[in-house]
Amino acid sequence: MTAERHIDRLRPAAARLARFTGRTLRGEWHAIVVEPVRQLARRGLSGLLLAFVAAFGVIFFHDIAQHPTGAVWVTRLGGVKADLPLWLSLLRTPVSLYVPALDLPVWAGITQLFLAFALAELTLGRSRTLAIAYATTLAGTLVARLMIAVGPGWSGFGLPAACGQVLDTGPSAAVVGLFTYLSVVRRAPVVFTLTGGSMVWESIAVPNLAGREHLIAVGSAVVLGLLHGRRARLRALGRSLLPTRTPTPGPAPTAPTAPKASPVLPVTASATASATVPAPTSPHPASGRTPMTSLER
């Protein structure tokens, strides 16, 4: 009876887990496979431009590297090492996306590269796909240089100086970054486990420079994926952190004054009388009177 009770208690939890797993896998299937296929049917082969360019670029550089002179030129154009000057590494980083690693199978890498760029281009668009691929590759390159500059120690963070002579991972960091970014944006835990989990296992099993760079690419892709769709919030946060200018107080505006009235002089009684009552005038002024004659008298 006790075992049957335990089984009865575990049945609802198992049913909920099965429903959750089914919903997750169905949503991931639609997000990672169904929607890109619909975009491909709508856009045609033009939606796979970056995937074809990346695949043909890797094949081209791989064929050239089979000859001694071609291998020298491939290294000069896209070979990135930590002991190179920083400006030269930055100049070679875009070309290094098409330079295959020497210790990896080429055709398996081309398949992964084509699939990563195809899904990313159909889901994210060309500009964002290129930005994510370049950002994750550049993050791995720069942090690897920092690890080598720090040196061994630092709780396993640093690397020996001999790692500065090793070529970077090439397009594999971009592939890992694109798959990780897609899994974060599209909420695809299975794809994230297959990419990020495999890179963690690789770095533990074979602790080399490539494993470190892959882990850095995974971490940078996770950060970029979490920041996806939060541009408005980031702008508002940046504006709030910037110091605001307080306007300096200017002179206070003066109110319009009424025109001044002319002063009124006091009016006396004599002045009023002289102004209102005219003086009596004689009909014949004295100055103009003529003397009378005897006849008039």
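The following paragraphs go through a predicted model, from the whole chain to single residues.

Residues are numbered from 1 along each chain as its sequence is written, and side-chain values use heavy atoms, with hydrogens and water left out. Because the model is predicted, local features need pLDDT of at least 70 and side-chain atom pairs count only at pLDDT 80 or more, while totals for chains, interfaces and linings use all residues.

The chain has 11 helices and 0 strands. Both kinds of element are DSSP runs numbered from the N terminus: helices are H or I with at least four residues, and strands are E with at least two. Read along the sequence, the pattern is α-α-α-α-α-α-α-α-α-α-α.

Of the 297 residues in the chain, 31% are buried. Buried means under 20% relative accessible area, exposed means over 50%, and partly exposed lies in between (1.4 Å probe, protein chains only). The accessible surface of the chain comes to about 20,300 Å², and 68% of this surface belongs to carbon and sulfur atoms. Accessible areas come from the Shrake-Rupley method with a 1.4 Å probe; for residues, only the protein chains shown count as cover. A contact means heavy atoms within 4.5 Å. Among contacts between residues at least 6 apart in sequence, 75% join residues at least 24 apart.

Charged side chains come next. Side chains of opposite charge can pair when their charged atoms come close. A salt bridge is a side-chain nitrogen of Lys or Arg within 4 Å of a carboxyl oxygen of Asp or Glu. How many salt bridges does a search of the whole structure find? The search finds 2.

R186 lies in the loop between α7 (171-185) and α8 (189-205) and E35 lies in helix α1, so the pair ties together parts that are 151 residues apart in sequence. R186 is partly exposed, with a relative accessible area of 29%, and E35 is also partly exposed, at 34%.

Another salt bridge joins R126 and E121, with the closest N and O atoms 2.9 Å apart. E121 is in helix α5 (residues 106-124). E121 counts as buried because its relative accessibility is 0%, whereas R126 is partly exposed at 35%. Not counting residues up to four places away in sequence, E121 touches several residues, among them R43, L48, L50 and T129.

Two patches mark the surface. Patches are made of residues with over 30% relative accessible area and no salt bridge; like charges are joined within 9 Å, and nonpolar side chains (Val, Leu, Ile, Met, Phe, Trp, Tyr) within 5 Å. Lys and Arg count as positive and Asp and Glu as negative, while His and the chain ends are not counted. The place of a charge is taken as NZ of Lys, CZ of Arg, CG of Asp or CD of Glu. R16, R19, R23 and R26 form a positive patch. R23 is in helix α1 (residues 2-43) and is partly exposed at 48%. L25, V190 and L194 form a nonpolar patch with about 280 Å² of accessible area together. L194 is in helix α8 and is exposed, at 61%.

The last stop is V166, in the loop between α6 (126-150) and α7. V166 is partly exposed, with a relative accessible area of 40%. Leaving aside neighbours within four places in sequence, V166 is in contact with V80, K81 and L209. The C-alpha atoms of V166 and G79 are separated by 9.5 Å, although the two residues are 87 residues apart along the chain.
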